[in-house]
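Visitor: I would like to learn how to read this model feature by feature. Could we start with how helices pack?

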Amino acid sequence: MTTLQIARFLSILVLVISPAAMAPAQEQDGCDVPSYFVSGDAQLKHVEEAVKKTKRLTIAVLGTGSSALTGSEGAAKAYPARLQAALERRLPAVTVNVVSLAKMRQTAADMAKALDKVLIDEKPDLVLWQTGTVDAMRGIDPDEFRSSIDDGVEKLQAGQADVVLINMQYSPRTESMIQLGTYLDGMRVVARDRDVPLFDRLGLMRYWNDNGAFDLYAAAKDNALASKVHDCLGRALASLIIESAHLEKFESKAAQ
Amino acid sequence: MSVTETTAPAASAPVIVPPAVTAPAAERDLRLDLFRGLALWLIFLDHIPSNIVSWVTIRNYGFSDATEIFIFISGYTAAFVYGRAMKERGFIVSGARILKRAWQIYVAHIFLFMIYLAEIAYVARGFNNPLYAEEAGILDFLQQPDVTIVEALLLKFKPSNMDVLPLYIVLLLLFPPILWLLQRKATLALLASAALYAAAWEFGWNLPAFPNGHWYFNPFAWQLLFVFGAWCALGGADRLSALLKSKVTIAVAALYLLFAFCITLTWHFPRLEHLLVPKWLSDEIYPIDKTNLDVLRFAHFLALAAVTVHFIPRDWPFLSSKYLKPAIICGQHSLEIFCFGVFLAFAAHFAKVQISGGVAMQIAVSLLGILAMIGAAWLISWYKTIEGRKPGARPKTPDADLAGGEA
């Protein structure tokens with residue numbers, strides 16, 4: 001669980017020692033996202049090029065249960081749709097299309113098998129790859145997990161798509177039951193080796209829980225809470241994409 | 001599971017010591033108890049998920065963590081206790097005692113598993129948050145107790161935080177022949193252990209786990225630390241003493257600790273990574289594999305041990321201070337306190353889920369947990385005292401815990 005603790009330690013320390021670093025990237029409706037969650041050194045070159053040249057941006061979201069919400073409005077309220085809405089708001093001149101390919105209970109290896117088809121069917125400029133939870137729950141060998149993502153990212157990059165890895169959710173009720181540590185580390189290693197951004201969903205959700213924005217300990221069925229969390233995740237992802245692809249110049253002033 | 005070994009005869013058993021720590025220096029090295037006690041506290045803190053207090057634990061400042069300390073000292077004390085038994089009573093008797101200890105640990109593990117099931121089953125009730133439909137799947141194993149419980153009894157299904165005792169069981173099962181060899185050809189035994197470690201890396205040996213994958217602590221890799229501890233106990237430490245006194249060794253160890261500290265700093269502050277860790281270096285060191293006791297972790301433990309032994313000599317006066325006694329008595333009853341710590345970590349998580357997960361609660365459960373561990377250790381010492389003094393009691397038993405502990 002090393003990284004879980006570290007993420008927390010980090011957020012506290014940063015809070016204490018550098019208030020400037022905490023300047024929220026956006027602060028609408030309580031979605032406070034410290035800038036270190038949405039900025040990094042990895043670049044999204046294909047996205048930048050696509051937006052510059054064609055004013056179009058196609059994003060495929062590859063994920064599992066935590067990339068979707070159930071119910072009749074689930075698809076519209078889950079973060080892929082919220083990301084599309086946020087990007088359309090902030091980049092009015094760009095045609096954004098976010099395709100969600102989330103399927104329950106898929107391991108990284110399962111998803112890696114489908115990548116060729118994703119590249120052909122969707123021709124994405126960017127693939128958001130959310131994974132880790134299912135592998136951790138099933139106790140998939142961490143080395144296999146890491147090499148599945150590593151090979152997958154390589155394949156996507158060879159297929160002219162940028163990649164953003166999205167790690168697990170912060171789930172305080174089950175965190176003593178699912179050992180995420182080695183899987184988190186594995187994703188971090190791949191992100192660094194392949195020079196792709198890692199969206200630290202776990203750290204961000206923990207940050208929201210700790211600063212009281214959302215009570216993620218809640219056990220009861222609460223669709224409103226789930227929708228709000230996904231909306232905030234979608235917006236944070238939009239910030240990450242705009243920042244990593246240097247799309248600030250396309251941003252509408254009104255939406256900022 | 002608490003457990004003087006009542007069937008084993010006394011031979012030259014150490015005198016039963018009251019809770020006050022007064023064993024003769026020649027008999028026992030209080031540093032072992034102290035650091036094992038501290039390791040137990042750190043393991044407890046690390047086992048509480050999302051715990052602000054756990055930033056004090058050593059894993060945040062270097063590659064190795066409290067597990068290494070615990071396993072090393074356990075190997076050391078096991079060799080100390082059973083080595084003497086093997087010299088005096090032979091291979092069969094001491095081997096039988098070691099296996100009995102393994103059985104006790106197995107029973108303790110299954111007991112903890114029951115508590116874990118109870119906690120999980122309770123927490124699972126009414127867990128219906130739509131955000132976590134996927135994560136709630138972890139509770140599915142409650143639906144098929146026929147499979148889950150059998151796999152747990154086979155030590156293949158091990159919920160998180162319950163990986164150390166199964167490792168320990170396997171280490172003890174392998175220990176009689178290793179101890180036999182250590183007493184005859186110590187260096188050969190250590191080389192054999194290193195060869196097994198290397199083979200486990202080369203051929204990917206590990207034990208299977210349920211539902212997938214392998215043991216979190218690979219016994220074929222982690223045995224190196226246990227055997228190294230045993231080797232140190234049986235004269236290896238003396239052989240190393242010249243090396244440990246050398247200023248060069250300490251300087252190298254200190255430099256390595258500093259290096260590890262800088263690397264871990266980049267885990268806390270990812271922005272530092274490009275400053276401190278060039279690409280070739282990160283290609284070289286990552287991933288740092290805990291399952292297979294990465295050589296960087298092992299080296300970090302060795303460096304930590306070398307520096308510690310250098311600055312804290314065996315006759316360090318502060319060792320008999322009353323301020324260190326709480327840690328020392330915890331270290332003297334390590335199996336019981338370890339198990340209790342695992343239970344307390346479950347309880348702490350339960351309290352966080354049911355009451356509040358805030359920072360105040362994290363600090364409260366951490367402090368209360370450590371106090372409870374100290375109280376339990378004190379109580380166990382007291383029990384041993386009254387049992388030892390009871391008139392007409394059976395002959396005093398060689399108490400492995402007090403002789404440096406077995407667990």
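Guide: We can, with the reminder that this is a predicted model. Two packed helices are described by the angle between their axes and the distance between the axes. In chain B, helix H7 (residues 247-268) packs against helix H10 (residues 295-311) at an angle of about 130 degrees, and their axes are 9 Å apart. That angle makes H7(B) oblique to H10(B).

Visitor: What is the handedness of the crossing of H7(B) and H10(B)?

Guide: The crossing of H7(B) and H10(B) is left-handed.

Visitor: Which residues of H7(B) and H10(B) meet?

Guide: From H7(B) come Thr249(B), Ile250(B), Ala253(B), Ala254(B), Tyr256(B), Leu257(B) and Ala260(B). They meet Ala299(B), His300(B), Ala303(B), Leu304(B), Ala306(B), Val307(B) and His310(B) in H10(B). By class, the residues of this contact are 11 nonpolar, 3 polar and no charged.

Visitor: At what angle do helix H1 (residues 30-47) and helix H11 (residues 325-332) of chain B pack?

Guide: H1(B) and H11(B) pack at about 90 degrees, with their axes 6 Å apart. H1(B) is therefore roughly perpendicular to H11(B). On the H1(B) side the contact is made by Leu30(B), Leu32(B), Asp33(B), Leu34(B), Arg36(B), Gly37(B), Leu38(B) and Leu40(B). H11(B) contributes Ala327(B), Ile328(B), Cys330(B), Gly331(B) and Gln332(B). This contact of H1(B) with H11(B) has 8 nonpolar, 3 polar and 2 charged residues.

Visitor: And how far apart are the axes of helix H2 (residues 66-124) and helix H4 (residues 164-184) of chain B?

Guide: The axes of H2(B) and H4(B) are 9 Å apart, and the packing angle is about 35 degrees. The contact of H2(B) with H4(B) has 22 nonpolar, 6 polar and 1 charged residues.

Visitor: Now the sheet. What is the strand order in the open sheet of chain A?

Guide: The sheet has 5 strands in the order S2-S1-S3-S4-S5, with parallel pairing. Strand S2 (95-100) and strand S5 (198-199) of chain A are the edge strands, each pairing on one side only.

Visitor: How many bridges join strand S1 (residues 56-62) to strand S3 (residues 126-130) of chain A?

Guide: There are 4 bridges between S1(A) and S3(A), and the two strands run parallel. For one residue pair, Ile59(A) has Leu126(A) in S3(A) as its bridge partner.

Visitor: Let us turn to the interface. How many residues of chain A are in contact with chain B?

Guide: 47 residues of chain A are in contact with 41 residues of chain B. On the chain A side, helix H1 (2-17), helix H7 (133-138), helix H9 (181-194) and helix H11 (223-244) each supply at least two residues. H1(A) gives the most, with 9 residues. The side of chain A that touches chain B divides into 21 nonpolar, 15 polar and 11 charged residues.

Visitor: Where in the backbone should I look for cis peptide bonds and a positive phi?

Guide: The peptide bond from Phe210(B) to Pro211(B) is cis, with omega near 0 degrees. Pro211(B) sits in the loop between H5 and helix H6 (219-245) of chain B. The bond from Tyr286(B) to Pro287(B) is also cis, with omega near -10 degrees, and Pro287(B) lies in the loop between helix H9 (279-285) and H10 of chain B. In chain A, His246(A) has a positive phi of about 55 degrees although it is not a glycine. His246(A) is in the segment after H11 of chain A.

Visitor: Finally, how should I read the confidence values?

Guide: Where pLDDT is low, the predicted coordinates should not be read in detail. Chain A averages a pLDDT of 89, and 87% of its residues score at least 70. Over residues 14-27 of chain A the pLDDT is below 50, and this stretch has 20 contacts beyond near neighbours in sequence.

Visitor: In chain B, which helix has the lowest confidence, and which the highest?

Guide: Helix H8 (residues 273-276) of chain B is lowest, at a mean of 77, and helix H5 (residues 186-203) of chain B is highest, at 97. Over residues 1-26 of chain B the pLDDT is below 50, with 60 contacts beyond near neighbours in sequence. The pLDDT also stays under 50 over residues 391-407 of chain B, for which the model has 58 contacts beyond four places in sequence. Chain B averages 88, and 89% of its residues score at least 70. The model scores ipTM 0.85 and pTM 0.86.

How values were computed: Residues are numbered from 1 along each chain as its sequence is written. Chains are lettered from A and ligands numbered from 1 in the order in which they are written. This is a predicted model: local features need pLDDT of at least 70, side-chain atom pairs count only at pLDDT 80 or more; totals for chains, interfaces and linings use all residues. Axes are lines fitted to C-alpha atoms, for helices over the stretch in contact, and angles run from 0 to 180 degrees between N-to-C directions. Ala, Val, Leu, Ile, Met, Phe, Trp, Tyr, Cys and Pro count as nonpolar, Asp, Glu, Lys and Arg as charged, and the others, Gly among them, as polar. pLDDT is the predictor's confidence in each residue, from 0 to 100. Two residues are in contact if their C-beta atoms, placed from the backbone, lie within 7 Å. Angles under 35 degrees count as roughly parallel, over 145 as roughly antiparallel, 65 to 115 as roughly perpendicular and the rest as oblique. A crossing is left-handed if the near helix is turned anticlockwise from the far one by less than a right angle, and right-handed if clockwise. Two strands pair if DSSP finds at least two bridges between them.
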